[in-house]
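Here is a short briefing on one chain. Keep the sequence and the model open while reading.

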Amino acid sequence: EEQKRLLENRPDQPRDPKVLRIAIIGAPNAGKSTLSNQLLGRKVFPVSRKVHTTRCKARGVITHEDTQLIILDTPGLTNPLKAKRHNLDEAMLTDPWDSMKHADLVLVLVDVSDHWTRNSLSKEVLKCLSQFPHIPSVLVLNKVDILKKKFLLLEIVTDLTEGIVNGKKLEVKSAFKQDSDSSAKSPLQITRAASPGSKVPGSPCGQEKNHAQKGSGLDKSSDVGEESQGPKHYGPKDLKDMKGWPHFQEIFMLAALRGEEVDTLKRYLLMQAKPGPWEFHSDVLTNQSPQEICDNIIREKVLEYLPLEVPYGVTQVTQIWEEGECGELLIVQNLLVPRESHKRMLIGRGGKVISRIAQEAGQDLMNTFLCDVRLKLRVEVKG
């Protein structure tokens, strides 16, 4: 009831409010929800190692003094063929595009630990950026702590930016390349590792520019002519030959799961906010209802513990949602599966799997709602 009241009431506007709407896009499983949760400081969005954990666009809200950041956490950009294979709704294809329409800034997240995909942006991401070239974009390299050969970051940055950042050409210094065994610390200290261009107004990393260039092995060169005059329109033929996007304003390297350098990115985002009215009350953390958060967290655990495509066929039905006298929450949810064999998998030998799901989901819900939660799960075959 409190969440509903906060969402329906008019926001408590400060004297000179500032706002920034941020769309986080990327391939499935790049770490978008993990980054969103770290920025928010609380688990609001579901996270798992399986693709397509996020099934709909949801908003997270960060309010700091007179500034409000609205994070548009979106499903991973995918194509109709993959959507059909994972039994995904039509919204999974359209939601990322809808989020872009409302964004003031777009963060493109890339998982650098995935050696199959890290050297090129997916066609879906490139298509999305090319449709909204007027929206400022920032490249965020995630999971850099897992990357053993740190010198590869230079090659990845060059590929993903087409060698151009903020209208300037990148140059790779040979000194860094030779140091192939450099520690994780070096690139992690460079929050704007590849922003060799002139200082971006409001960037918290402006005074660190010289240190950043030295640590990253990226140096500035001359302006790139027409590139510095803003994004041109890219057609399907242009995108076919492109691996990266030459119009990123900044580059951040971080480890979202461990929270490394997330605060630096957060400070940068707060500095980019522009004058404008708040959309949400300062006490709002997300526009999702408590029931939606609950469903997402339980589905996250189901995705983790069931193999292959099995968890995508599970339907959730909440039977009981009651608040006790002492503020505790009793939740009973039925998990409906299409086959008897899936039911056996979900329950597990001696009920071990379903017990673990209920225990872990219950703990996450307590951390999110900040109250005691008693969660009971029942497994049934769809009638």
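Buried means under 20% relative accessible area, exposed means over 50%, and partly exposed lies in between. Asp 104, with a relative accessible area of 31%, is therefore partly exposed. The model is a predicted one. It holds 12 salt bridges and 0 disulfides. Its largest nonpolar core has 40 residues.

**Nonpolar cores**

- Within the largest core, the residues with the most contacts are Val 108, Leu 121 and Leu 141.
- Two or more residues each come from β1 (18–26), β3, β4 (105–111), α5 (123–131), β5 (137–142), α6 (152–161) and β9.
- Helix α6 gives the most to this core, with 5 residues.
- A second, separate core has 27 residues, among them Ile 22, Ala 58, Leu 265 and Leu 269.
- Leaving aside neighbours within four places in sequence, Val 108 is in contact with Ile 25, Leu 121, Val 125, Leu 129, Val 138, Leu 139, Val 140 and Phe 248.
- In soluble globular proteins, nonpolar side chains tend to be buried together.

**Salt bridge Asp 104 to Arg 21**

- Asp 104 forms a salt bridge with Arg 21, and the closest N and O atoms are 3.2 Å apart.
- This pair links distant parts of the chain, 83 residues apart.
- Asp 104 sits in the loop between α4 (91–101) and β4, while Arg 21 is in strand β1.

**Salt bridge Lys 243 to Asp 159**

- Lys 243 pairs with Asp 159 in a salt bridge, with 3.7 Å between the closest N and O atoms.
- The two residues are 84 residues apart and link distant parts of the chain.
- Lys 243 lies in the loop between α10 (236–240) and β9, and Asp 159 lies in helix α6.
- Lys 243 has a relative accessible area of 40%, so it counts as partly exposed.
- Asp 159 is at 18% relative accessibility, so it counts as buried.

**Salt bridge Lys 301 to Asp 364**

- Lys 301 and Asp 364 form a salt bridge, their closest N and O atoms being 2.9 Å apart.
- The pair links distant parts of the chain: Lys 301 in helix α12 (residues 290–305) and Asp 364 in helix α14, 63 residues apart.
- Lys 301 is buried, with a relative accessible area of 8%.
- Asp 364 is buried too, at 15%.
- Helix α14 spans residues 352–369.
- Not counting residues up to four places away in sequence, Asp 364 touches Lys 43, Ile 297, Glu 300 and Lys 301.

- Glu 65 is not a glycine, yet it has a positive phi of about 55 degrees.
- Glu 65 lies in the loop between β2 (58–64) and β3 (67–73).
- With a relative accessible area of 67%, Glu 65 is exposed.
- Glu 261 is not a glycine either, and its positive phi is about 70 degrees.
- Glu 261 lies in the loop between β9 (248–253) and α11 (262–272).
- At 24% relative accessibility, Glu 261 counts as partly exposed.

**Cysteines**

- Is Cys 128 buried or exposed? Cys 128 is buried, with a relative accessible area of 0%.
- Cys 326 is exposed, with a relative accessible area of 75%.
- A disulfide is a covalent bond between the sulfur atoms of two cysteines.

Terms used. Residues are numbered from 1 along each chain as its sequence is written. This is a predicted model: local features need pLDDT of at least 70, side-chain atom pairs count only at pLDDT 80 or more; totals for chains, interfaces and linings use all residues. Side-chain values use heavy atoms; hydrogens and water are left out. A disulfide is a pair of cysteine sulfur atoms within 2.5 Å. Buried means under 20% relative accessible area, exposed over 50%, partly exposed in between (1.4 Å probe, protein chains only). Helices (H or I, at least four residues) and strands (E, at least two) are DSSP runs, numbered from the N terminus. Contact means heavy atoms within 4.5 Å. A nonpolar core is a set of buried Ala, Val, Leu, Ile, Met, Phe, Trp, Tyr and Cys residues joined through side-chain atoms within 4.5 Å. A salt bridge is a side-chain nitrogen of Lys or Arg within 4 Å of a carboxyl oxygen of Asp or Glu.
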